[in-house]
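Here are a few friendly notes to read alongside the model. Keep the sequence and the 3D view open as you go.

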Amino acid sequence: MSENWIKVYTTGDAFAAEVLKQGLTEAGIPAVTINKQLAAYNFGEVTVLVNKSDFDKAIEYIVQNQID
């Protein structure tokens, strides 16, 4: 993946990561998820990435929506 993407959120909950990604996208902040979980066990982490230029907006979105 390009070095222009930066991590804004990591979780063990794949559904929560997808909800956040969708919310960021709807707010005009392109986002992607990288799922590093073992499929059979749902063990591991899912990371949400945004473009470096959108990092501040993404963090503000996360804080405003009280995403843990």
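Predicted model: local features only at pLDDT ≥ 70, side-chain atom pairs only at ≥ 80, totals over all residues.

1. Helices (H or I, at least four residues) and strands (E, at least two) are DSSP runs, numbered from the N terminus.

2. Residues are numbered from 1 along each chain as its sequence is written, and side-chain values use heavy atoms, leaving out hydrogens and water.

3. Which residues of helix α2 are buried? In α2, residues 55-64, they are A58, Y61 and I62; buried means under 20% relative accessible area, exposed over 50%, partly exposed in between (1.4 Å probe, protein chains only). Seen down the axis of α2, these buried residues fall within an arc of 95 degrees (taken from the directions from the helix axis to the C-beta atoms), so they line one face of the helix.

4. What covers that buried side? The cover includes β1 (5-11), α1 (14-26) and β3 (46-51), where contact means heavy atoms within 4.5 Å.

5. Now turn to the face of α2 pointing away from its buried side: D56, V63 and Q64 are exposed there. Q64 counts as exposed because its relative accessibility is 57%. From C-alpha to C-alpha, Q64 and V19 are 15 Å apart in space, and they are 45 residues apart in sequence.

6. Finally, visit Y41, in the loop between β2 (31-35) and β3. Y41 is exposed, with a relative accessible area of 66%.
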